[in-house]
Amino acid sequence: MVPEQDVLTISTIWSQLARRAEQEKTLHLADWFASDPDRFARFSLEDAGLLADFSKQRMSDEIRDLLVKLADERQLRHWTEALFGGAEVNCTEGRPAKHWCLREPADRAPMVHEQLDAMEDMVNRILKGHWRGVMGDAITDVVNVGVGGSDLGPLMAAFALQSCLPPQGLSRPRLHFASSMDGSQVSQILQELNPRTTLFLVSSKSFTTVDTLHNATTARQWLGRGLGLDCDDASLLRCHFIGISANPERMSEWGIMPDNQLLFWDWVGGRYSLWSAIGMPIALTVGMDGFRDMLAGAHEMDHHCRTRPWENNIPVMLALVDVWNINFLGINARAVLPYDGRLKHLPAYLEQLEMESNGKSVARSGEPVEYGTCPVIWGEVGPNAQHAFFQLLHQGTQPIACEFLMTARRYTEAQHFDAVCELEAQHSLSNANCLAQSRLLALGERALDPEVALPSYKRYHGNQPSTTLVLEELSPRVLGALLAMYEHKVFVQAVIWGINPFDQWGVEMGKVIATGMLEVLADPESASGLDASSLALARHIAKRQK
């Protein structure tokens, strides 16, 4: 049987794409726009509150059609139905990937909605001031203790939706996030909080994650000291800790009361878990109705992904554009640039979602791949990035694809502000900058006055490809659709490349080695078989600590 990655590289369609890339490498986006006034109409898609503009990608109609044929050849329809059918698409761990099930209607996913109802009860008690600390005080601050998918997703979405008005008559608590292993975050946070009014969400799929449990233990000891109670006191644990995990036994062992436990399942990967009870910080921001709206937007995108033809399918086309840029144009980095400060944490969220999923060099067949897979992803809020690394994008020596995000409507929720007109003007300024930057990256100096001759150090070559995503508004529903779009895009890319996007063995091995290094740091001279650099560093640290 021919290894899967060899089938890809010897594919006739793959060869045709390689030839097209060679033939068209001298073509400039400015020429494509000049010769084709209808380019935007053919290279943009809209659904679920999102518009995706691919017209500034270095792609012709023929290339797009070949990429769609490649998706068919790679059996994308089969794999999509396998994903939504609950097949074991996570082959190395022998389990399905059913994060999409978390946003299914109640009649199709009753156990999911059972947990959502339990979370709703807790959320409402907190928002209404009915959840009380051990001394009888209402909760004013909630600290989410987690790392990776238990931190990045909830942090990103809760921050993005802060401008949404809280549910009427309810008061949302201040949210804090502690993920750092070295204790720096939790230490800073605890200095600012009152133990009488603080509640901790301890979020970990396995409930064995060292980073999370150490931070949770620090919080537990802080509460005990601050309240004058033993840190194992049952009433303290009942009033100040909620556990969220797929491992109820470990939660109970740690001290989380059964009534304070929220569950999800091993078929939910950590970086896909914000749709579950892991998303409780999001629900505390917008209320359970808002959280369910986010699930509904994601479900809408699930339906879009499953039913739309590939050429009219937003996540599929996003994936195919990346395949084209990486495997045929040699563009191995993508900058994510939201021109809305509420999406400040989206680049970090996507770094995990995409690079942990598709940062693989071994195919499903077990053979090494012979082509690029996931690009390096990085980014920043666009207006800040313009004053940081845009110089490299415009006049640097390497090609980089960009992804711009902007919102069409904003500040509709701010009518009570006296400065609403000024805020709307600032929103327009941000959007103008977004459009200007993508235009300059694409067209280069041809976007400027052709009568003005520029010195060499002011010249802009352009021809840097970009995609622009326009959100109708940053509401829970549209944000849900956006995030589900990225999830499906990652899966489509994995199908094309023949890799498993649902495991992360590189991460797991790092944890194993870190555990062994604790002993080395405690006694460097007891180490055996260690490399010279690691041993020398351990000795240096031990010497300085003495």
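Which residue of S11 is the bridge partner of Ala 52? In S11, that partner is Leu 469. The model is a predicted one, in which local features need pLDDT of at least 70, side-chain atom pairs count only at pLDDT 80 or more, and totals for chains, interfaces and linings use all residues. Residues are numbered from 1 along each chain as its sequence is written, and side-chain values use heavy atoms, with hydrogens and water left out.

**Strand S11 and its partners**

Helices (H or I, at least four residues) and strands (E, at least two) are DSSP runs numbered from the N terminus. Two strands pair if DSSP finds at least two bridges between them. Strand S11 (residues 466-471) pairs with strand S2 (residues 50-53) in the antiparallel sense, over four bridges. Strand S10 (residues 401-407) runs parallel to S11 and is joined to S11 by six bridges; here Thr 467 in S11 is the bridge partner of Glu 403. Five of the six residues of S11 are buried, that is, under 20% relative accessible area with a 1.4 Å probe and protein chains only.

**The five-stranded sheet**

An open sheet has five strands in the order S4-S3-S5-S6-S7, with parallel pairing. Its edge strands, S4 (174-178) and S7 (261-263), each pair on one side only. The twist from one strand to the next averages 20°. Between S6 (residues 241-245) and S7 there are three bridges, and Ser 245 stands opposite Leu 263 in S7.

Helix H10 (residues 210-227) lies across S3 (141-145), S4, S5 (198-203) and S6, at about 160° to S5. Contact means heavy atoms within 4.5 Å; axes are lines fitted to C-alpha atoms, for helices over the stretch in contact, and angles run from 0 to 180 degrees between N-to-C directions.

**Pockets**

On a 1 Å grid over the protein atoms alone, a pocket is an open set of points where a 1.4 Å probe fits, with protein on both sides within 12 Å along at least five of seven lines; lining residues have an atom within 4 Å of a point. A volume is the space filled by probe spheres set on the points.

| Pocket | Volume | Greatest contributor to lining |
|---|---|---|
| Largest | About 1,200 Å³ | H20, eight residues |

Of the 41 residues lining the largest pocket, the closest to its centre include Ser 206, Thr 209 and Lys 511. H10, H15 (346-358) and H20 (505-522) each supply at least two lining residues there. For the second largest pocket, with 19 lining residues, those closest to the centre include Gly 359, Lys 360 and Trp 505.

Key. Buried < 20%, exposed > 50% of the residue type's maximum accessible area, 1.4 Å probe, protein only.
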